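Here is a short note for someone opening this model for the first time. Please read the points with the structure in view.

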Amino acid sequence: MSNLRKRLQRLANATEPTEAESSAEPGPATRRVIDREPELPIALEAKDEAQEARRRRIDELRERVRALAEKPSKRSERATREAKEAALSELPFIRHERVDGAVDVRTRVYDVTARHGHVPLKAALDAVGASVATLAIDRGLSDFDPTRALFLDTETTGLSGGTGMMAFLVGAGRFENGQFVVEQWFLREPSEEPALLLALRERIESATSIVSFNGKAFDLPLLRARYVMNRLGAPPSPPHFDLVHVARRIYGDRMRECRLVHLERDVLGFVREGDVHGSEIPARYSEFLRRGNAAGLVPVIEHNLWDVIAMAALVGELVARASGGDALGRFEASDMAGLAKTALRAGDHSLAIAMAGDALAHGRSVGERAVVSRAGAVAARAHRKRGEHALSREALLKVIESAPDDAHAHLELSKIYEHKYRDSFRALEHARRAIGAEKDESLAKRLARLESRLRTSTLKLPGID
Amino acid sequence: MPKAPWERDRGVEHVVEHWLARGEVSDCLSAHEHYPARTAKTAAIPAGLHGSLRDALSRRGITSLYSHQAEAVSSALARKHTIIATPTASGKSLCYHLPVADALARNPNARALYLFPTKALSRDQELSIRALLDDAGIARTAVTFDGDTAGDARRAAKAKGGVIVSNPDMLHAGILPHHATWAGALSALEYVVVDELHTYKGVLGSHLAHVLRRLQRVARFHGSNPTFICASATIGNPREHAARLIGVDPESITLVGDSGAPSGDRRVLLYNPPVVNADLGIRQSYLKAAVKLTSDLVRADVSTILFGASRTNVEVMLRYVRSALSKDDVPQEWIQAYRGGYLPETRRRIERGLREGAIKCVVATNALELGIDVGELDAVVCAGYPGSVAATWQRFGRAGRRQAPSVAVLVASSNPIDQYLAREPRYLFGRSAEEARIDPDNVEIFVQHLKCASFELPFATDEAYADVAQDVTQDALAYLARNGVLHKSGTRWHWIADQYPAQSVGLRSTGMDNFVVIDVERSQAIGEVDWKGAHTSLFEQAIYQLEADTYQVERLDYDNRKAFVRKVDADYFTDASTAVSVSVLDESERGSVFALPENVCALGEVEVTERVTGFKKVKFFTHENLGYGDVRLPEVRMQTSAFWLTFPEERVQALAAVEDGIGRVRGRSAVLDGIRGVAHALEAVTSLALMCDPRDLGYTLGDKSDGTSRPMKSGAPGFDPTIFFFDNAAGGVGLSARAYELRENLLVQSRELIESCACVEGCPACVSPGEGRGFASRKEVALELLRDVGVPRRH
């Protein structure tokens, strides 16, 4: 294989071609003598020669490109086409003729009493707008209606993003007449993309919200770009409940990686068998397109289906927790603390206090000091927001009871004593143990202020209680 | 006894008069050109310009434009591609700001894209277009979009940046691959401004040509067809260069080349430092000579730029100028250095100081060659020839007021090229600037960008990519499909690979991270050094010079790209020496050259290794050598493609044995010098034939057996001197493969180049001046070598 050929192969392929691939490459090398030596412009190029020179350069480029781009034989083209047709019959899709073109679709219907792991799908139907808005920290979701939500997940030709990536498989689930219906549209040929996008748009248009896992950053921008690229009007953008952020806030503490399959295993209690890893998916589709290999795609289709179902189940699990239920006791103390913090950020102070209380109790009983600290801090802040300073102080005192060195708790206590109780002595005591909880300069000022106030105080120092 | 400042004689004219009157300067002048003052040529503000801009100009006191500005603005307003190639400081930015602002004033959705080669320039022009928009009351703004732009600002740029200020690399890897999210901006893109066009030559220029083709293709998709406005320093072929970059017919481009800006009286001097040791032919240090001339100027209150060839030179000269002027009550802050690696805020401070006159003298590297706004300066001193006629005039152009007289001095170093210029100054004055060359048809570059373009927008099965013929485009797409990155579906070629092609295509060959220089006492970053430069300047014990302070490198954290330095009061600086070697990794083809046997010429993969071999300590002012040190640093390795040509040892020995009429033997070193001459000529014709920049090609003389040892002077057998030509970019970009194919043709052209050159002993245009070994000139030996291997005369 000639040098130029080798380098061009590297240019064309990020990955080295496999042995089989390179030997299948037709043989003639590009080693070739240019029979007509081009005239090289050594002098200043005259204007009227420019056109001529341009034509000559294109001729040369043509030769060089031809040398590397032998035409594939008609026979191998036909063989690939036949293989693909055979492959399509192995895939579980039904050809659906629409006015805008044909699209391959599979529809699976589940009774809502079916469980994914230990969560019945119908749990998601209990979702009320207020809880979802709290979980997502997004007021835009206050009107969330599970029966009009579209659970959306895509499989794409690449994972890095950018205009050249397509969604070749789109799964969309919805609740309908006591059932959970999942449609999956598949792109047997990239040229059929418009029909798929239009079919999807109908579903998006009749939904009042979208549920996804990382769809805000990945699936939706990618799909929007696809509508632009196909010169189709953009679909509407209803409120979007992206579970990845919720899951990170609530389960992030105990899970190193918050991928959907991990949540499914650790939270929903479902373990996939024969699942394909997300990073392998693009290559499997390109294998299908190039060589008609369908076997590799079957697990991808299941993967996508699982993802859609898992999102529905995860919504059920989350809203059950947000409404305070944990019948099976699967909720861990750190999850409660995470939920409490989420509720605090969403401005739902009573939920924050309730969850933080549970987390505090649960955390103390299992001795998770970090959870106790976090939950205590949340409870204290939620109480403070409601003007309940005594309760706020109590929550903080509980924290330092089990975590005596929690600098942040000491700082908060110092502030409460200084500003709400006018008790500079206690404020100083706590401030001295708050090193690291705020900037050194601020803490130094705080200490100086409290000390000078104590010195000038006409009151005697209070006794130790 | 120095005079008090108010007693001193001031001004450029006074200094020049004084120099000419004094033998010690005037005797060393090998050229003295005088360009009398020119008055402004003005023209009416083009009638088509929006009223708000006309008003804004008149509020600034501008009621007419310079002729070239009016010409450029009219052309751009008529939506003709326009290239402005006028000298520095002729008011080029206004030529593109006005039409762009006009478009924004007329269409509330209109957008423009500005491309600059460096971030510093982007910033200047962003502020300047903003000011114009404000003055004209146009409620639009300019937003920078580059690698440093944060997420929110990026969204703002997309959403409402009237002018998006960016650079080619960002356009290539950050905007085009995501163009669907830029639909709003791209659908209303009216102008694209490419400034400093002359910097995009060779491989970088070929890449940019494709980036601009991709931009136009994507813009058409979104429904726009932008007009290009380009600005360039003086080059030999501005219109052709712009045409090839944009991918249009040269006839469709308006060339604005005659500046209507006034210029003051100007003198250009070529100063060759005096001989201090006649026996050895040693001249006074050109750095010190340049410092002396600069001090004369600054002492007379003349604002001056002193250009140096390297960062070390710049720092050393800064120290010398400050020291020379310390006796004259000149405040040290008047004299500053400016180079790559200074922190942005330091640069800003110096630029401002120059504009406001608080800084009188700046010692700079080529970092100040480009159009950074430093106001008007009176004098330029250039220590050493910068390597091309174009760069020389660009440096000279940094000084020169529109009304007052100015002076530019080139101080020749002892380098053979500089000495040639001192002998033959017409080379500099009588010749137009070099042409900028690019080759978008380089098949490797073409294929890489075809991939990027496919990713951005699937090609139709009957589409032609830019100015490439349809059948060529389609063949190349079929090739990509066979390699699994594209898939033909219906009437389009779809991208199906799981990768993002722009990420693996770099426009510039320098990719590695910069090193940060940290002062251990203040725990603070004080500077930056590019990856390659770090090897020669940040080794442990090196003296790192910064604004006339010396720091010693205590520890180099190579993996984390950090150098820890401590301020010391050193009376020396360090100078690293490097060695380049080439070793053959894989030979893919072999061929003959004329009379030489089959095995002399080959094409293959090589490893080019650059190693810092050690350093010496050089005393400030005296340049005494205070000692040597070792450097232990990883080698800089680059794998690339190369072609090489071996001169068989028996031929070398035969030529070395030649005697002149009086019994002197030529000697092997003279033959090797001749081979270097052949290599230089070959480089010149190759970069012309391949339309690349000489910097894109590297060459070195080595030994083909392992390439690490240089031929010995003793003439020990088995050392076949070999010229290696390699692509100066990791992985190669196909230049040496083309050169290999064309080798005989190139040798014929080399012979023609040398024979037709009017010089006597060799000049920069042919074999490059030799080192004067033996009795024959480099030119003669080179020609003899070519004849000896059977290179025919071109018929």
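1. Domain bounds here come from an automatic or database domain assignment. The model is predicted. For chain B, the assignment gives four entries: domain 1 (5-36 + 268-429), domain 2 (42-256), domain 3 (443-504) and domain 4 (574-795).

2. Look next at domain 2 and domain 3 of chain B. Their C-alpha centres lie 29 Å apart. The two domains touch: domain 2 of chain B brings 14 residues to the contact, and domain 3 of chain B brings twelve.

3. Which elements give two or more residues to the side of domain 2 of chain B that touches domain 3 of chain B? They are helix H8 (168-175) and helix H10 (202-222) of chain B. H10(B) gives the most, with eight residues. By class, this side of domain 2 of chain B holds five nonpolar, six polar and three charged residues.

4. Now turn to chain A and its helix H5 (residues 129-136). Six of its eight residues are buried, so H5(A) is largely enclosed by the rest of the structure. The buried residues are A:Ser131, A:Val132, A:Ala133, A:Thr134, A:Leu135 and A:Ala136.

5. What do the buried residues of H5(A) pack against? One partner is a strand, E9 (240-242) of chain A. The others are helices of chain A: H8 (243-251), H11 (298-322), H12 (333-346) and H13 (349-366).

6. Check the end of H5(A) too. A:Ile137 follows the helix. The phi of A:Ile137 is positive, near 50°.

Conventions
Residues are numbered from 1 along each chain as its sequence is written. Chains are lettered from A and ligands numbered from 1 in the order in which they are written. This is a predicted model: local features need pLDDT of at least 70, side-chain atom pairs count only at pLDDT 80 or more; totals for chains, interfaces and linings use all residues. Two residues are in contact if their C-beta atoms, placed from the backbone, lie within 7 Å. Helices (H or I, at least four residues) and strands (E, at least two) are DSSP runs, numbered from the N terminus. Ala, Val, Leu, Ile, Met, Phe, Trp, Tyr, Cys and Pro count as nonpolar, Asp, Glu, Lys and Arg as charged, and the others, Gly among them, as polar. A residue is buried if 20 or more other C-beta atoms lie within 10 Å of its own, exposed if 12 or fewer, and partly exposed in between; C-beta atoms are placed from the backbone.
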